[in-house]
Amino acid sequence: LQFHPEVHHTDQGLKILNNFVFAICQAKKNWQINNIIDEQIKKIKKQVKNKKVFLLVSGGVDSSVAFSLLTKALGSKRVYGLYIDTGFMRLRESSEIRKFMKQAGFTNLRAHDASKIFYERLKGVADPEQKRKIIGQTFIDVKDVVAKKLNLDSLQWLLAQGTIYPDTIETGATKHADTIKTHHNRVDAIQKLIKQGKVIEPIADFYKDEVRKLGTLLGLPSKMVNRHPFPGPGLAIRILCHNATDEKQVLPDISKVRLPITNYHILSIKSVGVQGDNRTYAHPLAITSNKTWDALDKISSNITNATKEINRVLVLLNRTRHPLGILGAGSERSVPAELKDLVFNFPNEDRTLTLDRIKLLQKIDNIVMQEIQNAG
């Protein structure tokens with residue numbers, strides 16, 4: 001049995017938490033985000049001592065806030081920021097990050113183009129968890145190459161990361177947490193460095209909303225603090241891949257599962273999701289419906305709660321044309337007319353990362369981001 005009072009689906013969830021923390025446990029309301037900066041600076045100075053810090057900066061809010069906090073605590077001469085361009089960033093992302101960092105007043109940041117090595121190492125890799133581990137290790141390898149070029153003494157430097165608390169939970173690093181996905185800042189090489197006391201993570205105890213507040217208090221530009229979340233592994237993870245020889249070519253049978261709809265089709269692709277508190281690597285379900293978004297939200301929850309074979313529900317908005325091509329797989333059951341264009345048999349060849357697929361997704365992602373920004 002699982003109970004999550006903190007999620008918005010739970011009626012009176014925050015009231016339950018409030019009563020537990022303050023009425024039952026009698027905790028005091030003496031925690032203020034404004035006091036955190038001074039407290040973290042003290043912790044940073046205590047951990048770093050007389051050493052220097054080498055930080056991998058992604059340009060996202062987490063690493064930017066960590067970079068700002070470390071620089072404020074130690075000064076720019078003791079903090080070295082490295083932005084690694086993996087080649088899997090959003091369209092024009094690298095130039096935007098450089099501009100943001102310059103506007104924020106960072107003078108201790110260097111950019112390094114490592115797109116070729118990332119692409120080479122990920123060629124032919126389909127499994128998302130394996131991709132994440134390769135990406136995490138490659139970040140470390142590139143960092144070591146740059147550090148060697150700069151003649152940095154490893155005994156005098158600590159590696160800093162913009163890890164936040166959900167990263168740790170999703171990697172399964174807490175006592176009762178299942179591994180949802182291995183974050184690039186939690187691969188084996190990093191875990192080893194953490195055990196050796198060679199890693200500092202100044203915002204590791206905070207959630208995203210708290211990190212944004214810290215960024216605002218530190219004076220970072222609003223555009224940087226409120227950037228749309230983007231994973232370190234970038235589009236390499238968001239491009240779903242298929243290994244024709246390794247994956248089973250049989251779709252799950254959910255005919256005995258009582259679903260709230262009848263107009264659906266299982267797609268052949270798989271993606272990582274979360275059901276309960278556990279990681280799933282399962283198929284999405286494509287549906288057509290004229291119901292409201294609130295109703296569709298409930299339908300989606302009912303479906304993913306009813307079976308572990310489906311971990312997300314996709315609503316087919318355009319019923320006449322499917323310009324992005326064929327996404328699904330055939331099955332023995334009859335397929336709704338609206339979903340006919342989604343039917344095909346598994347390809348005999350692999351579907352992995354290619355430069356064309358990366359460029360296509362960058363363009364699509366850019367359109368989506370523009371629409372999000374226009375919508376406010």
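How many residues has helix α12, and what distance does α12 reach from its first C-alpha to its last? I put this to the model, which is a predicted one.

**Entry 1: helix α12**

I looked up residues 293–306 and found that α12 has 14 residues. From first C-alpha to last, α12 reaches 20 Å, which is close to the 20 Å expected at 1.5 Å a residue.

I then asked which residues of α12 are buried. I recorded L296, I299, I303 and T304 as buried. Viewed down the axis of α12, the buried residues fall within an arc of 125°, so they line one face of the helix. I noted the background for this spacing: an α-helix has 3.6 residues a turn, so residues three or four places apart point the same way.

On the other side of α12, I found D294, K298 and N305 exposed. I also checked what covers the buried residues of α12, and the cover includes β7 (271–275), β8 (278–287) and β9 (310–315).

**Entry 2: the five-stranded sheet**

In which order do the 5 strands of the open sheet stand? I read the order as β3-β2-β1-β4-β5, with parallel pairing. I noted β3 (109–113) and β5 (199–200) at the edges; each has a single partner strand, so one side of each is left without a neighbour in the sheet.

I followed the pairing of β3 with strand β2, residues 79–85, and found it parallel over 5 bridges. Within this pair, Y83 stands opposite A111 in β3, and I84 stands opposite H112 in β3.

Helix α4 (residues 93–103) belongs to it, and β2, α4 and β3 make a right-handed β-α-β unit.

**Entry 3: positive phi values**

I looked up backbone angles with this expectation in mind: most residues other than glycine have a negative phi. Two entries were kept.

Where does R92 lie? I located R92 in the loop between β2 and α4. R92 has a positive phi of about 60° although it is not a glycine. Is R92 buried or exposed? Its relative accessibility is 54%, and R92 therefore counts as exposed, the cut-off for exposed being over 50%.

I found Q12 in the segment before α1 (13–24). The phi of Q12 is near 60°, a positive value in a residue other than glycine. Q12 counts as exposed because its relative accessibility is 55%.

Definitions and conventions:
Residues numbered from 1 in each chain as written. Predicted model: local features only at pLDDT ≥ 70, side-chain atom pairs only at ≥ 80, totals over all residues. Heavy atoms only, no water. Helix = DSSP H or I, 4+ residues; strand = E, 2+ residues; numbered from the N terminus. Expected span 1.5 Å × (residues − 1). Buried < 20%, exposed > 50% of the residue type's maximum accessible area, 1.4 Å probe, protein only. Arc of directions from axis to C-beta. Contact = heavy atoms within 4.5 Å. Pairing = 2+ DSSP bridges. Right-handed = clockwise from strand over helix to strand, strands pointing away.
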